[in-house]
Structures are given as C-alpha cells and as structure tokens.
Amino acid sequence: MSEVQQSQPDTGLYKYIYNAARIAGIAAIVSLAGTLAGVLGVFTKPTTVAPTAVPEGFNEQQVQQLAQGSVYISVALSVLLSVLVFYFLYRFSSLAQAAVKEGQQEKLQLALRHLSRYFKVWGIVMLLIVGLFVLSLLGGMLGSLFAG
Amino acid sequence: MIQEEEQKQPDSIFGTEPLNEIDKALLEIARWTRLISVIGFGIGASIVLVMLFSGAQILSGIAETLLPGGSNYFYPVLVAAFFILFFMAAMVLFYLHKASRALVLGVLQKDATQLAEAFLYLRNFFIVVIIFAAFQLAGNLFNLL
C-alpha cells in the first residue's frame, strides 16, 4: 500500500497536496489570462514588423506579408501551448482538490496524471528549444564555413 | 506450483511490492521535472557564460534599441530587470529539482514526509509561476492601453 493511500484526509500529506493544487489552479488561470491579453494586443494593435532589407528579386510587399504571417503563426502556437498547459494544470487543480475533500484515490491518481502531462508538455517544449538552438548553431557554423 | 512461484518472483525478489498507479504517476512527474530542471540549468549556465563575456554589450544594445537616446538611464534598469528575471528563473528550476528528488525518495522509501516536502516545493514553484504570469499579464495589459 502506498503512503498516499495510508495517509488519511486532513493529515500532513493531503494538506500539502491540497495547497499545491489550490495554488496551481491560480497559476493556470493567471497564465492563460496573460496569454489572452497578449493575443488581444496583437490583434487590436498590429505591430508593424520592422522593415527588413529585401533581397534583390523579391517583392517587398510579399516579404512584409511573410514577416507578418510568421507573427501570426507564432501567436497561434503560443495560444495552442498555453491552452494545453492550462487544461492539464486546471484539471490537476480541480481533481486533486476534489480528491482530497472526498478522499477518493481514483481522482487523485487522475489528478497526478494530469500534473505529469503538464510537466511533460514543458519538458518537450524545452527539448525543442535546445534542439532548435543546436540546429541554429550548426547552421551558423556551416554558413560561415561555406561563406568564407 | 512452479508457475505460481515464477509469477511471484519478480515482485518478491527484494521483498518489494509492485508500484501502484499513484506511485507510477508520482515517478512520472519526477522524471519530467528533473528533465526540465537539468535542461534549464544547462541553458542558465550558457546564459551566464555569454553574459560574462559580452553582457554589457548585449544589454546596452538592447537599451539603445528600446529607448534610443535615453539608454544611459535605461541601461541600469535593464541590468536590474535581467538579474531579477534570472533569479526568478533559477528559483523555478531549484524548486523543480528539489521536488523531483523528494518525489523519487518519497516513493522509493515509502516516506510520506518526503512526499509532503515534494508538494511543498511544487507549491512554491507554482507561486513563482504566478508571479511570472502576473508580470506577463501586467505587461500585456499595459501594452493594450
């Protein structure tokens, strides 16, 4: 039998799980609100993309549109990520609080699974960041090799 | 009879019980939090290295682009902001690392105190996340005005 199961409601471990879940719920809501406010900002006040030097042979307008498009793609990706993360964290929060109140093991197990998925999403995002960084380093090195 | 013994053996080899679902979920959380904290420490170390060699250049460059002309006043603010941000990110990683360790020890040693400690660290982690997100929200709302 696990310690989590042995521990009765209102004893130490349950109290700590409940507190962590409560704070996690607030964190989920504030994070989502922050992202939504940012998205609202992008759509109400379209940031003018800094004019980049257009290489010869390219239409200036098309390049600007491409730059603007990349802004929208990154906004869409960040919204997708924050909604996903919000869902997992909020489910953990509500399920864990309910589990502690009702003393239900199944709900606690489900809550912990959602918390692990929340961290999994962040872990994958960090791996992607490192991967892209390494790729850009390699690209830069190869570029300077062939340019020189 | 032999079959029965064979079935029992994997569980009883060191007198350990199989992990139940909750313990598995806790270990899964520990695995991902450890991965995040290790990658984060790596990124942090490389940022420290870059900043040691060309931190002043980078930050004064940013100050000049954000506030042309007023970079003399803006530069110290930017340095302070960088240190605060860096310190908070380090706190996030520290709490995640501690939580991961406490979760693994708590599950393997069947120690409820360690698990309670792990959730205390996770709570602290979420508090720092709230502070980060509140900054982001305030910045975005300010941008909207």
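**Helix packing between chains A and B**

α4(A) passes α2(B) in a left-handed crossing. This is a predicted model, in which 36 residues of chain A are in contact with 35 residues of chain B. The points below cover the helix pair, the chain A side of the interface, and chain A itself.

**The pair α4(A) and α2(B)**

- The axes of α4(A) and helix α2 of chain B (residues 21–66) lie 8 Å apart, and the packing angle is about 25 degrees.
- Angles under 35 degrees count as roughly parallel, and α4(A) and α2(B) are therefore roughly parallel to each other.

**The side of chain A that touches chain B**

- Contacts with 35 residues of chain B involve 36 residues of chain A.
- At least two residues of this side come from each of α1 (3–6), α2 (12–44) and α4 (105–147) of chain A.
- α2(A) gives the largest share, with 19 residues.
- By residue class, the side of chain A that touches chain B has 21 nonpolar, 12 polar and 3 charged residues.

**Chain A on its own**

- Chain A contains 4 helices and 0 strands, and its elements run α-α-α-α from the N terminus on.
- Of its 148 residues, 26% count as buried.
- Among the contacts in chain A with a separation of 6 or more, 63% are between residues 24 or more positions apart.

Technical notes
Residues numbered from 1 in each chain as written. Chains lettered and ligands numbered in written order. Predicted model: local features only at pLDDT ≥ 70, side-chain atom pairs only at ≥ 80, totals over all residues. Contact = placed C-beta atoms within 7 Å. Nonpolar A, V, L, I, M, F, W, Y, C, P; charged D, E, K, R; others polar. Buried ≥ 20, exposed ≤ 12 C-beta atoms within 10 Å, placed from the backbone. Axes fitted to C-alpha atoms, helices over the stretch in contact; angles between N-to-C directions. Parallel < 35°, antiparallel > 145°, perpendicular 65-115°, else oblique. Left-handed = near helix turned anticlockwise from the far one by under 90°.
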